[in-house]
Amino acid sequence: MKRRNFLKIGSTLTLAPLIGCAKGNKPYNPFSQKLPIPKLASYKMINGVKTFVLDIQEGEMSFFKDTTTDTYGVNADFLGETVRVDHGDKVAFHVKNSLDELTTLHWHGLKVPGVSDGGPHSKIPAGTTWTADMQIAQHASTCWYHPHTHGETGRQVFMGMAGLFIIDDANSKSLALPQEYGVDDIPLVIQDRRFFADGQFMYKQGMHDSMMGVTGDVRLINGVIDPYIELEPKAIRFRILNGSNARIYNLILEGGHAIHQIASDSSLLPAPVQLKNIVLATGERAEIVIDFSQFAGQTLYLGDGMDNRRLLAIKVKQSQPTSMILPKQLVTINDYQDAKPVRTRTFTLNMSMGFLGINEKQMQMSRIDEVVKQGEYEIWEIWNPSPRPHPFHVHGTGFKVISRNGKSPLLNETGLKDTVLVYPREKVQIMVVFHHLAPKDRPYMYHCHILEHEDAGMMGQFVVEV
Ligand code: C2O
Ligand code: CU
Ligand code: CU
């Protein structure tokens with residue numbers, strides 16, 4: 001699974017129609033169910049603070065005919081409502097745990113102090129509420145939230161705990177881009193699942209699943225298997241999150257039509273990048289714009305070239321097309337301009353029989369692995385000697401990808417990122433800086449975002465000090 005192999009698969013222009021579903025469960029006809037759009041979470045203004053209540057709850061879904069699946073969700077049965085806030089906002093989240101088990105809620109991509117980050121130390125015991133306060137001081141981006149419970153993250157995400165966290169700023173609002181949520185600005189949370197014959201989720205079944213990561217034979221978008229969406233013949237923006245536990249997608253538009261990527265994890269890209277395929281590892285996001293003005297009356301498919309499979313049917317309405325010209329420039333990123341890195345840290349991703357770790361260590365809640373100084377620029381070098389690609393994620397920062405095996409990063413990695421896929425035998429250099437503090441009892445994490453790897457110990461903790 002080297003990069004060139006990914007790209008080769010990406011040139012596949014036709015996708016096999018979907019066949020079959022999990023064990024004994026009766027699937028709906030493929031692409032017969034409408035894509036649901038997660039609701040926007042409501043808030044109350046309390047003393048100038050946008051105050052949200054997020055209720056982590058048990059739910060039930062009918063992924064198949066004649067059966068229901070027990071699920072988790074946030075203000076919903078499965079997945080979570082979309083949080084949407086502005087740069088500069090003061091925000092508070094009251095996170096209520098209505099489950100029967102301990103959990104936590106982490107804001108993936110948010111640059112907030114360790115005490116508000118929602119890592120494994122910010123435990124929310126069953127029946128209690130945890131409050132996170134933050135001020136939004138970062139670029140417009142599509143972030144997300146999910147649990148980060150020590151050793152249990154993979155299972156809790158599999159059950160459905162995940163939602164989008166969208167940040168707008170003055171620049172992003174001023175750009176001539178589609179931005180009407182659910183209308184021409186469509187969130188897509190892509191996941192895969194497998195099920196038992198009785199309709200329940202089949203999560204980790206043993207060591208093999210820990211090593212390989214849990215993948216499934218069924219694809220869900222926004223919680224529905226193989227959905228369709230109906231759209232106007234115009235430019236449409238999709239905010240895509242790979243919210244899967246382990247699966248890496250190579251997104252393509254059947255027929256090889258052009259996709260314009262406008263944002264990655266942590267910011268808009270400096271300029272739109274025209275692509276035929278987008279590799280998206282777990283935890284990564286991509287915002288794309290597709291111009292459907294040429295396709296009135298047609299059905300297109302967004303698919304996965306890795307797996308040669310359709311994911312979403314896009315029915316373009318037979319109406320008057322509207323064309324749009326993408327802005328030439330999207331954002332100026334000054335975050336790392338003139339930065340002088342003061343040191344280099346190296347992180348080796350270890351994977352051998354029964355052992356998943358970083359720098360030969362497995363995650364330990366009581367051990368701090370790195371001590372970083374606030375505001376100092378550093379190079380982090382991630383080396384993957386293992387035969388599997390690992391998406392490396394860092395809390396508390398939006399980083400810049402500097403190089404891949406000494407070569408320039410890909411064009412769609414030129415914005416800020418918080419998760420970077422490191423291919424086998426690859427050394428990726430990133431530049432990081434942390435503007436907030438993370439104390440010993442609420443450290444930040446760095447880890448592989450294959451959730452079974454993270455849960456098995458491929459994670460470390462660091463503090464940020466003055
Ligand atoms: Cu998306 Cu440490 O997490
Ligand atoms: Cu994170
Ligand atoms: Cu991994």
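**Salt bridges**

Mentor: By the rule used here, under which a salt bridge is a side-chain nitrogen of Lys or Arg within 4 Å of a carboxyl oxygen of Asp or Glu, the count comes to 29 salt bridges. This is a predicted model, in which local features need pLDDT of at least 70 and side-chain atom pairs count only at pLDDT 80 or more, whereas totals for chains, interfaces and linings use all residues. Residues are numbered from 1 along each chain as its sequence is written, chains are lettered from A and ligands numbered from 1 in the order in which they are written, and side-chain values use heavy atoms, with hydrogens and water left out.

Trainee: What makes the contact of Arg 155 and Glu 101 a salt bridge?

Mentor: The N to O distance between the two side chains is 2.7 Å, and because the rule asks for a nitrogen of Lys or Arg within 4 Å of a carboxyl oxygen of Asp or Glu, the pair qualifies. Arg 155 lies in helix α2 (residues 153–159) and Glu 101 in the loop between β7 (90–97) and β8 (106–108), so the pair ties together parts that are 54 residues apart in sequence. The helices and strands named here are DSSP runs numbered from the N terminus, a helix being H or I with at least four residues and a strand being E with at least two.

Trainee: Why is Glu 101 called buried, and what is Arg 155 called at 25%?

Mentor: Buried means under 20% relative accessible area, exposed means over 50%, and partly exposed is in between, with a 1.4 Å probe and protein chains only. Glu 101 has 17% relative accessibility and therefore counts as buried, while Arg 155, with a relative accessible area of 25%, is partly exposed.

Trainee: Which other pairs meet the salt-bridge rule, and where do their residues lie?

Mentor: One of them joins Arg 239 and Glu 287 at 3.3 Å, N to O. Arg 239 lies in strand β16 (residues 235–242) and Glu 287 in strand β21 (residues 285–291), so this pair ties together parts that are 48 residues apart in sequence; both Arg 239 and Glu 287 are buried. Another joins Asp 209 and Arg 194 at 2.6 Å, N to O, and it links distant parts of the chain, with Asp 209 in helix α4 (residues 207–212) and Arg 194 in the loop between β12 (185–193) and α4, 15 residues apart. Asp 209 and Arg 194 are both buried.

**Copper sites**

Trainee: How do you know which residues coordinate the copper ion (ligand 3)?

Mentor: Donors are N, O and S atoms within 2.8 Å of the metal (3.2 Å for Na, K and Ca), and since water is not among the atoms, sites may look incomplete. His 390 (ND1), Cys 448 (SG) and His 453 (ND1) stand at 2.0 to 2.1 Å from this copper ion, so they count as donors. In sequence the donor residues are spaced H-x57-C-x4-H, and His 390 in strand β28 (residues 390–394) and Cys 448 in strand β32 are 58 residues apart. His 390, with a relative accessible area of 0%, is buried, and Cys 448, at 1%, also counts as buried.

Trainee: What coordinates the copper ion (ligand 2)?

Mentor: That ion is coordinated by His 106 (NE2) and His 393 (NE2), at 1.9 Å. His 106 lies in strand β8 and His 393 in strand β28, so the pair ties together parts that are 287 residues apart in sequence; both histidines are buried.

**Sheet and domains**

Trainee: Why are β26 and β30 called edge strands?

Mentor: Two strands pair if DSSP finds at least two bridges between them. Five strands form an open sheet in the order β26-β33-β32-β28-β30, with mixed pairing. β26 (370–373) and β30 (419–422) each have a single partner strand, so one side of each is left without a neighbour in the sheet. Within this sheet, strand β32 (residues 444–448) and strand β33 (residues 459–465) pair in the antiparallel sense over 4 bridges, and because at least two are needed, they count as paired.

Trainee: How many residues of domain 2 are in contact with domain 3?

Mentor: Contact means heavy atoms within 4.5 Å, and 26 residues of domain 2 are in contact with 27 residues of domain 3.
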